[in-house]
Amino acid sequence: GQQQPVVCRKLSDKSLQLVLGFTRTGAGRLIREGFTGTDGVYRKNEDFLLDVVLKNYNDTEAFVANIVENLERKATTPIDDAIIQRRLRDDKGWDDAKIAGLYKCSPSKIVQYRRLLELNDEHRALVHTGKLGVAAAIVLLDAKPE
């Protein structure tokens with residue numbers, strides 16, 4: 001069963017936007033449409049409904065709530081975090097100290113993550129998949145070409 005409700009917010013056009021619970025929503029869709037479990041048994045429940053909580057979030061509050069949920073679930077990679085942090089800086093006007101407060105880390109770690117965006121695509125992919133650590137990626141950035 002569903003342990004936590006999904007969270008939505010109402011937009012100005014009265015439509016709902018999912019804020020928290022993307023995986024739960026996908027699981028609910030599978031339950032309604034049908035799936036074959038790892039045991040080989042087909043399951044389907046067209047009457048399944050998700051528990052939903054409606055919150056009065058503005059754009060920034062919704063974005064921050066989503067970040068916090070992903071941090072709690074450890075659902076992002078350093079590259080994901082670097083991109084999210086860039087959005088906080090560029091779109092929301094946050095500085096590194098405020099971002100560090102949200103991420104519960106030092107501002108120097110935020111600076112390191114910002115530097116990850118300077119990596120070429122190959123190295124960025126290695127960090128994203130966990131094959132290259134953040135510290136090693138920073139060393140690569142500081143290394144001389146020769």
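## Strand E1 and its partners

Strand E1 pairs antiparallel with strand E2 (residues 16–20) through 4 bridges. Two strands count as paired if DSSP finds at least two bridges between them. Helices (H or I, at least four residues) and strands (E, at least two) are DSSP runs, numbered from the N terminus. This is a predicted model, in which local features need pLDDT of at least 70, side-chain atom pairs count only at pLDDT 80 or more, and totals for chains, interfaces and linings use all residues. Residues are numbered from 1 along each chain as its sequence is written, and side-chain values use heavy atoms, leaving out hydrogens and water.

Lys10 has Leu16 in E2 as its bridge partner. The hairpin of E1 and E2 has 5 residues between the strands. There, Lys14 takes a positive phi near 75 degrees. E1 also has a parallel partner: 4 bridges join E1 to strand E5 (residues 52–55). Cys8 stands opposite Leu54 in E5.

E1 spans residues 6–10 and is mostly covered, with 4 of its 5 residues buried. Buried means under 20% relative accessible area, exposed means over 50%, and partly exposed lies in between (1.4 Å probe, protein chains only).

## Val53 in strand E5

Val53 belongs to strand E5. Its relative accessible area is 31%, so Val53 is partly exposed. Beyond its neighbours within four places in sequence, Val53 is in contact (heavy atoms within 4.5 Å) with Pro5, Val6, Val7 and Cys8.

Val53 and Arg9 are 44 residues apart in sequence. In space, their C-alpha atoms are 8.5 Å apart.

## Two lysines in helix loops

Most residues other than glycine have a negative phi. Lys74 is not a glycine, yet has a positive phi of about 50 degrees. Lys74 sits in the loop between helix H2 (59–73) and helix H3 (78–92). With a relative accessible area of 71%, Lys74 is exposed.

Lys104 also has a positive phi, near 55 degrees. This residue lies in the loop between helix H4 (96–103) and helix H5 (107–116). Lys104 counts as exposed, at 76% relative accessibility.

## The overall fold

The protein has 7 helices and 5 strands. Along the sequence, the pattern reads β-β-α-β-β-β-α-α-α-α-α-α. The radius of gyration is 19 Å, well over the 15 Å that the globule rule gives for 146 residues, so the protein is more spread out than a compact globule. This radius is taken over C-alpha atoms, and the globule rule is 2.2 Å times the number of residues to the power 0.38. The C-alpha atoms fill a box of roughly 60 × 40 × 25 Å, taken along the principal axes.

Of the contacts between residues at least 6 apart in sequence, 46% join residues at least 24 apart.

## Surface and charge

Buried residues make up 30% of the 146 residues. The accessible surface comes to about 9,700 Å² (Shrake-Rupley method, 1.4 Å probe). Carbon and sulfur atoms account for 51% of that surface.

The protein has 23 positive and 21 negative charges. Their mean positions are 3 Å apart. Lys and Arg count as positive and Asp and Glu as negative, while His and the chain ends are not counted. Each charge is placed at NZ of Lys, CZ of Arg, CG of Asp or CD of Glu.
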